[in-house]
Amino acid sequence: MSNPLSSMSLKLRLALTIGALALLMSLLLGAVASRLSRAQVERDELALLGIMARNMSVQLSQNLSDRGNQMKTLAQMLALSDPAVPAPAKSAALTTVQKSNPFYAWIGIADEQGRIVAGSHAELVGRDVHQREWFVQ
């Protein structure tokens with residue numbers, strides 16, 4: 001006859017072995033799932049950064065194009081290029097353009113000697129800018 005204690009002991013060992021294997025498999029599967037999850041998050045982050053960069057590029061391009069168009073419009077405005085138009089009328093036109101675009105803090109016109117003759121802010125009219133780098137260039 002078989003010994004009931006050795007039979008119980010065999011059942012206990014078998015249960016412990018199966019439990020240990022199940023724990024080991026769970027840990028292994030958890031590690032693999034974690035690694036796959038991290039890799040997917042990295043791919044998703046890279047894709048998101050790519051989309052954001054593309055959107056920013058499109059927005060920047062549009063903004064630069066808009067600014068270029070506004071500058072062309074300014075250059076073509078008869079009131080700004082006509083010497084017969086008085087400075088206050090030119091300042092009014094510049095103020096309208098400046099107010100329509102919050103990216104510009106100030107817009108003005110200087111004569112050949114570097115004296116501001118018209119601008120979107122009246123307090124700068126009459127100032128001498130002939131030594132400023134932007135004027136010299």
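Visitor: How much space lies in the largest pocket?
Guide: This is a predicted model. Rolling a probe the size of a water molecule over the atoms shows where empty space is left. For the largest pocket, the space comes to about 170 Å³.

Visitor: Which residues are the closest to the centre of that largest pocket?
Guide: The lining has 10 residues. The closest to the pocket's centre are Met71, Leu74, Leu94, Ile107 and Gly108.

Visitor: Which element gives the most to the lining of the largest pocket?
Guide: Two elements give two or more residues each: α1 (4-76) and β1 (108-110). With 3 residues, the top giver is α1.

Visitor: By class, how many nonpolar, polar and charged residues does the lining of the largest pocket have?
Guide: Start with the charged class: the lining has none. The polar class has 1 residue. The nonpolar count is 9.

Visitor: Which residues make the nonpolar surface patch of about 390 Å²?
Guide: Look along the surface for nonpolar side chains. One patch of about 390 Å² is made by Met25, Leu28, Val32 and Leu36.

Visitor: Is Met25 buried, partly exposed or exposed?
Guide: Met25 sits in helix α1. Its relative accessibility is 46%. Buried needs under 20%, and exposed needs over 50%. Met25 falls in between, so it counts as partly exposed.

Visitor: Is Asp111 buried or exposed?
Guide: The cut-off for buried is under 20% relative accessible area. Asp111 has 15% relative accessibility, so it counts as buried.

Visitor: What is the relative accessible area of Arg115?
Guide: Arg115 is partly exposed, and its relative accessible area is 41%.

Methods
Residues are numbered from 1 along each chain as its sequence is written. This is a predicted model: local features need pLDDT of at least 70, side-chain atom pairs count only at pLDDT 80 or more; totals for chains, interfaces and linings use all residues. Side-chain values use heavy atoms; hydrogens and water are left out. On a 1 Å grid over the protein atoms alone, a cavity is a set of points where a 1.4 Å probe fits but cannot get out, and a pocket is an open set with protein on both sides within 12 Å along at least five of seven lines; lining residues have an atom within 4 Å of a point. Grid points are joined across faces, edges and corners, and a volume is the space filled by probe spheres set on the points. Helices (H or I, at least four residues) and strands (E, at least two) are DSSP runs, numbered from the N terminus. Ala, Val, Leu, Ile, Met, Phe, Trp, Tyr, Cys and Pro count as nonpolar, Asp, Glu, Lys and Arg as charged, and the others, Gly among them, as polar. Patches are made of residues with over 30% relative accessible area and no salt bridge: like charges are joined within 9 Å, nonpolar side chains (Val, Leu, Ile, Met, Phe, Trp, Tyr) within 5 Å. Accessible areas come from the Shrake-Rupley method with a 1.4 Å probe; for residues, only the protein chains shown count as cover. A salt bridge is a side-chain nitrogen of Lys or Arg within 4 Å of a carboxyl oxygen of Asp or Glu. Buried means under 20% relative accessible area, exposed over 50%, partly exposed in between (1.4 Å probe, protein chains only).
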